[in-house]
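The following note sets out, point by point, what may be read from the structure shown below. Please keep the structure in view while reading.

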Amino acid sequence: MSEEKDCGGGDALSNGIKKHRTSLPSPMFSRNDFSIWSILRKCIGMELSKITMPVIFNEPLSFLQRLTEYMEHTYLIHKASSLSDPVERMQCVAAFAVSAVASQWERTGKPFNPLLGETYELVRDDLGFRLISEQVSHHPPISAFHAEGLNNDFIFHGSIYPKLKFWGKSVEAEPKGTITLELLEHNEAYTWTNPTCCVHNIIVGKLWIEQYGNVEIINHKTGDKCVLNFKPCGLFGKELHKVEGYIQDKSKKKLCALYGKWTECLYSVDPATFDAYKKNDKKNTEEKKNSKQMSTSEESDEMPVPDSESVLIIPGSVLLWRIAPRPPNSAQMYNFTSFAMVLNEVDKDMESVIPKTDCRLRPDIRAMENGEIDQASEEKKRLEEKQRAARKNRSKSEEDWKTRWFHQGPNPYNGAQDWIYSGSYWDRNYFNLPDIY
């Protein structure tokens, strides 16, 4: 659903690729012969960033590239920019915040942990943005990113520290860190944090993913707020993937209701209509409950089968966003979207432009993408050892690591700890870069 329009300024910014690939060089390996339990049983309750996982459980992208998938539905930001009504703008921003996590559906491969100093850039003339990200800290792992509209209509930036916890049958990822969107033409800034993501059945059975928690989007200019509840699936899967919430003004008056599924779509509707519908739905559920005694299966971690795959549309609703279908070869390609498929592509023209820290040049990810699993494993080990040795040398010489493109500072809108883009990346002047690969 990306709007195909050329946003000008092409060649000077360009890093080469004009026609994007639709497939990876090699399909994924089967994970069936590998027991994740043998590794994870030692780590219950521990934080997983310190554990080395076999490469077979990865997908051939760095976490910096995975973060870039926030940008898949950038057309929603351009649309928000074009609207004069602040409530309609908030609807588009809320749809963008939901769409930003949609690519995680069925993505059960773990992205590679970025190395300290690793960078990633993406220029998409067709979608009207360019983005730069950098791994700014290793312990804890923090990834900072900064994207801007090619028409200078928006800036989208943040720093993410994914806190991973293992709970016996599931792995929970809490993406700590603030996300900020600035709509420059309206002099508006919005901030939010992402929901928690949980991968179930990591020991046996089919892996499945849910996201849950409240996401609060604040418009710092008007005081309007959108509170979205990503619902946990509940005992019988009725709530699986559901998102709902309200846009309210600063006196907490409900201006609009939003509902849908983060795997599918988001709608807006009048709040009174939505509340009446909810009340009726609750009554029906109660009646159903009383008519048949339900057996509880609290212990099961199997993926619940929802009542119906799609969202029941309340009369009078307006569609804000619908997910683009996955490509037909997605299941053999780590369940990648079409957008994810192109993140690691590189050609000679691009290679001559990007810095040597760009993760497209990272040998373990490249080997895995090419289906060379043993080489990927060896390279991953070599890079991790190289990083450890570099850290040891720095501590001997009491030298501090210096980030290149971002600096630490408070978020300008909510004061939270953040990493701010220092500028000058796109000058293409890459000297004294660390040798991390």
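1. In this predicted model, E106 is found in the loop between α5 and β2. Its phi is positive, at about 60°, although E106 is not a glycine. How exposed is E106? It counts as partly exposed, at 32% relative accessibility.

2. Q104 lies in the loop between α5 and β2 as well. Q104 has a relative accessibility of 19%, and because the cut-off for buried is under 20%, Q104 counts as buried. Leaving out residues up to four places away in sequence, Q104 touches R66, C197, I209, Q211 and W262.

3. Strand β2 contains P111. With 14% relative accessibility, P111 counts as buried. Its contacts, apart from neighbours within four places in sequence, are N58, E59, L61, S62, F63 and R66. One of these residues, F63, is 48 residues from P111 along the chain, and the C-alpha atoms of the two are separated by 5.1 Å.

4. The protein as a whole deserves a brief summary. It has 10 helices and 18 strands. Of its 437 residues, 54% count as buried. Among contacts between residues at least 6 apart in sequence, 64% join residues at least 24 apart.

5. Which residues have the most contacts inside the largest nonpolar core? They are F156, W192, I217 and L228, in a core of 79 residues. Helix α5, residues 86–99, gives the most to this core, with nine residues. In soluble globular proteins, nonpolar side chains tend to be buried together. The surroundings of L228 may be examined in detail: leaving out residues up to four places away in sequence, L228 touches A94, V98, G213, N214, V215, I217, V243, E244, G245 and L258. Another core, of 13 residues, lies apart from the largest one and includes V123, V136, Y161 and Y425.

6. Helix α4 covers residues 75–82, and α4 and α5 pack at an angle of about 170° with their axes 8 Å apart. Angles over 145 degrees count as roughly antiparallel, and α4 and α5 are therefore roughly antiparallel to each other. On the α4 side, L76, I77, K79 and A80 take part, and they meet R89, C92, V93, A95, F96 and S99 in α5. By class, this contact has seven nonpolar, one polar and two charged residues.

7. Is α4 mostly covered or mostly uncovered? It is mostly covered, with six of its eight residues buried. The buried residues are Y75, L76, I77, H78, A80 and S81. Their cover includes α5, β6 (154–166), β8 (179–183) and β16 (318–322).

8. The buried residues in α10 are I373, A376, E379, K380, L383, E384, Q387 and R394. They pack against β1 (58–62), β2 (110–112) and α9 (363–369). Just after α10, E398 takes a positive phi of about 50°.

9. V342 has its place in the loop between α7 (338–341) and α8 (348–351). What is its relative accessible area? The value is 6%, and V342 is buried. Leaving out residues up to four places away in sequence, V342 touches H20, R21 and R124.

10. The peptide bond from H139 to P140 is cis, with omega near -5°. P140 is found in the loop between β4 (129–137) and β5 (142–149). N152, a residue other than glycine, has a positive phi near 55°. The place of N152 is in the loop between β5 and β6, and N152 is exposed, with a relative accessible area of 59%.

Key: Residues numbered from 1 in each chain as written. Predicted model: local features only at pLDDT ≥ 70, side-chain atom pairs only at ≥ 80, totals over all residues. Heavy atoms only, no water. Core = buried A, V, L, I, M, F, W, Y, C linked by side-chain atoms within 4.5 Å. Buried < 20%, exposed > 50% of the residue type's maximum accessible area, 1.4 Å probe, protein only. Helix = DSSP H or I, 4+ residues; strand = E, 2+ residues; numbered from the N terminus. Contact = heavy atoms within 4.5 Å. Axes fitted to C-alpha atoms, helices over the stretch in contact; angles between N-to-C directions. Parallel < 35°, antiparallel > 145°, perpendicular 65-115°, else oblique. Nonpolar A, V, L, I, M, F, W, Y, C, P; charged D, E, K, R; others polar.
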